[in-house]
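Please look over the sequence and the model shown here before reading on.

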Amino acid sequence: MSGGEGGTIPVGTLLAAYARGMFPMCHEDGELYWHDPDPRAIFPLDKLMPNARLRRLMRSGRFSCTRNMAFSEVIRACADREETWVDARIINSYCALHRAGYAHSVESWVDQELVGGLYGVAIGGAFFAESMFNRASSAGIVAFHSLVEHLNKRGFVLLDTQYINDFTARMGALEVSRKEFRRTLSHALALPIKF
């Protein structure tokens, strides 16, 4: 699959890739590559629960969470780190995907300041989580659990996190084979669900 003008990936190309279980990442050599990992990391939506400390924090009202209120700011904050796979091509491509109604953000705020959040792609009953950021302790995790609650209410059946690492494993991610992932993805894509 190729990019578009100036390296921006067309919306249709991105949607076709996600429907096949593929996603783009920018590498250190400056090139965009398509990934299709095996095994694949997912979050089991029906088993994700914040721990007691996090539940108290969420009830405390310290953070307020919104959806799709600051997509561009969220993706740019996710890119603002030393090592990132999110470059200008990814930002521009996913902002276009957001305008088309497929890419979404969840934001965490303290007063009116954006302090954490995440973004991803929703197609049918599948949500592909892309990246998260924190500017205040636990702000991104609060946004994540706000997302999980929303996805469960809407009837989503797949929450993809692509690759497992220590952080996502602590949050409850597990690995499944590519074959199992694609089977779940096929079911999810057939569901008439809107984010």
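## Basis of the report

This is a predicted model, in which local features need pLDDT of at least 70 and side-chain atom pairs count only at pLDDT 80 or more, while totals for chains, interfaces and linings use all residues. Residues are numbered from 1 along each chain as its sequence is written, and side-chain values use heavy atoms, with hydrogens and water left out.

## Glutamate 107

Glutamate 107 sits in strand β5, residues 103–110 (strands, E, of at least two residues and helices, H or I, of at least four are DSSP runs, numbered from the N terminus). Glutamate 107 is buried (under 20% relative accessible area, with exposed being over 50% and partly exposed in between, for a 1.4 Å probe and protein chains only). Glutamate 107 has no salt bridge, and the nearest side chain of opposite charge, that of arginine 67, is 8.0 Å away.

The side chain of glutamate 107 does reach backbone atoms: the backbone nitrogen of arginine 67 at 3.4 Å, and that of methionine 69, which lies 3.0 Å from a polar atom of the glutamate 107 side chain.

## The largest pocket

The largest pocket has a volume of about 460 Å³. Of the 22 residues that line this pocket, Glu130, Ser131, Thr161, Asn165 and Thr168 are the closest to its centre. At least two lining residues come from each of β7 (126–134), β8 (158–162) and α6 (166–171), and β7 gives the largest share, four residues.

## Salt bridges

The structure holds seven salt bridges (each a side-chain nitrogen of Lys or Arg within 4 Å of a carboxyl oxygen of Asp or Glu). One of them joins arginine 178 to aspartate 36, with the closest N and O atoms 3.5 Å apart. Because arginine 178 lies in helix α7 (residues 178–189) and aspartate 36 in the loop between β2 (32–35) and β3 (40–43), this pair ties together parts that are 142 residues apart in sequence. Arginine 178 counts as partly exposed, at 26% relative accessibility.

Lysine 153 forms a salt bridge with glutamate 149, their closest N and O atoms being 3.3 Å apart. These two residues are four apart in helix α5 (residues 139–154), so about one helical turn separates lysine 153 from glutamate 149. Lysine 153 is exposed, with a relative accessible area of 66%, whereas glutamate 149 is partly exposed at 44%. Elsewhere, salt bridges that share partners join Asp36, Arg40, Asp160, Arg178 and Arg182 into one network.

Notes. Lys and Arg count as positive and Asp and Glu as negative; His and the chain ends are not counted. A polar contact is a pair of N or O atoms within 3.5 Å; within protein, one must be able to donate a hydrogen and the other to accept it, and residues adjacent in sequence count only if both atoms are side-chain atoms. On a 1 Å grid over the protein atoms alone, a cavity is a set of points where a 1.4 Å probe fits but cannot get out, and a pocket is an open set with protein on both sides within 12 Å along at least five of seven lines; lining residues have an atom within 4 Å of a point. Grid points are joined across faces, edges and corners, and a volume is the space filled by probe spheres set on the points.
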